[in-house]
Amino acid sequence: MNDHVKSATRVLDLLELFSAATEPMGVTEVARKLDIPKSSAQALLLTLTGRGYLLRDENGYTLPPELRGGWVGGLRTRLLGIAAPILSRMAQESLESAFIGSLTGEGNVQYLAKAVSPKEVRYDASLDHPRPLHCTSMGLAIMAHSPEHDLKRWLQPHRLVKVTSRTQTDPEAIRQWLAKIRKDGYAEVMDANVEGASGASAPIFGTDGRVIAALNLGAPTWRYEQDRRLLIEIVCREAASITRVLSGNDIEGGKAPGN
């Protein structure tokens with residue numbers, strides 16, 4: 001990715017981040033959530049504030065009221081609005097934790113929203129920081145439907161860090177895995193990102209057919225192994241439902257009349 005494209009991607013990532021934020025954010029928080037250096041985050045924030053796309057006060061930076069709910073961050077804001085009731089429904093049906101995430105400009109996966117399992121023993125994850133693509137089922141689901149030029153960048157050996165003893169770091173093995181994910185329609189990982197936690201994810205597509213996000217159910221590994229067929233069924237069904245809503249083939253938050 002050349003420097004001009006990277007800069008444009010970072011600007012869009014930042015605007016989408018603020019479009020979904022409910023509280024002001026400072027430089028450190030923005031840098032952490034976008035997985036970029038603090039110096040880059042500060043430069044972006046100052047530039048956008050100077051152009052009127054952000055406001056700044058003693059609490060941090062916010063999106064101006066006139067831009068909130070408008071064109072800025074439109075797709076991500078709509079995606080999260082559609083996903084909120086679906087995540088809650090998934091958590092209640094599966095009794096496990098549901099997440100939605102998307103790709104960052106730096107080539108990681110950012111968890112955007114969640115509905116946590118009602119069980120006392122459960123899997124939970126912070127929304128504050130991005131995670132590598134290769135060790136998360138959401139990341140793998142996104143990678144499986146991404147163009148080759150992105151895969152070449154993401155599968156560079158220096159990016160494939162071993163997070164746990166179960167993390168796959170061989171590029172060719174991951175490519176074979178991605179082919180299976182495309183065929184099956186879902187990705188799953190067992191203890192590859194967090195020891196003792198496993199999950200399944202399915203891709204969400206935009207109106208142009210490109211993958212834009214992924215939906216996930218995560219659980220303690222012993223429970224995931226016991227209920228994996230049900231969890232995979234739920235996550236695939238609901239990811240397809242969100243895709244239909246985004247394409248206009250379904251009403252938001254539920255099925256179209258007569259279905």
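Predicted model: local features only at pLDDT ≥ 70, side-chain atom pairs only at ≥ 80, totals over all residues.
Me: How do you know that the length of α3 fits a helix?
Reply: Helix α3 covers residues 38-50, which is 13 residues. At 1.5 Å a residue, they should span 18 Å. The end C-alpha atoms are 18 Å apart, so the two values agree.

Me: Which residues of α3 are called buried, and what makes them so?
Reply: The cut-off is under 20% relative accessible area. In α3, Ser 40, Ala 41, Leu 44, Leu 45 and Leu 48 are buried.

Me: Why are the buried residues of α3 said to line one face?
Reply: Seen down the helix axis, they fall within an arc of 130°, so they line one face of α3. On the other side, Lys 38, Ser 39 and Gly 50 are exposed. Exposed calls for over 50% relative accessible area.

Me: What follows α3?
Reply: Gly 52 does, with a positive phi near 85°.

Me: What makes one side of α7 its buried face?
Reply: Ile 174, Leu 178 and Ile 181 are buried. Down the axis of α7, the buried residues fall within an arc of 60°, so they line one face. Gln 176 and Lys 183 are exposed on the face turned away from that buried side.

Me: Why are β5 and β6 called edge strands?
Reply: The open sheet has six strands in the order β5-β4-β3-β8-β7-β6, paired antiparallel. Strands β5 (131-132) and β6 (187-190) each pair on one side only, so they are the edges.

Me: How do you know that β3 and β4 pair?
Reply: Pairing needs at least two bridges. Six bridges join β3 (residues 97-103) to β4 (residues 108-115), so they pair. These strands run antiparallel. Ala 98 has Ala 115 in β4 as its bridge partner.

Me: How many cavities of 30 Å³ or more does the search find?
Reply: The search of the whole structure finds one. The largest cavity has a volume of about 150 Å³. Elements giving two or more residues to its lining are α5 (137-143), β7 (197-205) and β8 (211-220).

Me: What makes up the lining of the largest cavity?
Reply: The lining has 17 residues. Tyr 111, Tyr 123, Val 189, Ser 198 and Gly 199 lie nearest the cavity centre. The lining divides into 10 nonpolar, seven polar and no charged residues.

Definitions and conventions:
Residues numbered from 1 in each chain as written. Heavy atoms only, no water. 1 Å grid on protein atoms, 1.4 Å probe; cavity = no way out; pocket = protein on both sides within 12 Å on 5 of 7 lines; lining within 4 Å. Points joined across faces, edges and corners; volume = space filled by probe spheres on them. Helix = DSSP H or I, 4+ residues; strand = E, 2+ residues; numbered from the N terminus. Nonpolar A, V, L, I, M, F, W, Y, C, P; charged D, E, K, R; others polar. Expected span 1.5 Å × (residues − 1). Buried < 20%, exposed > 50% of the residue type's maximum accessible area, 1.4 Å probe, protein only. Arc of directions from axis to C-beta.
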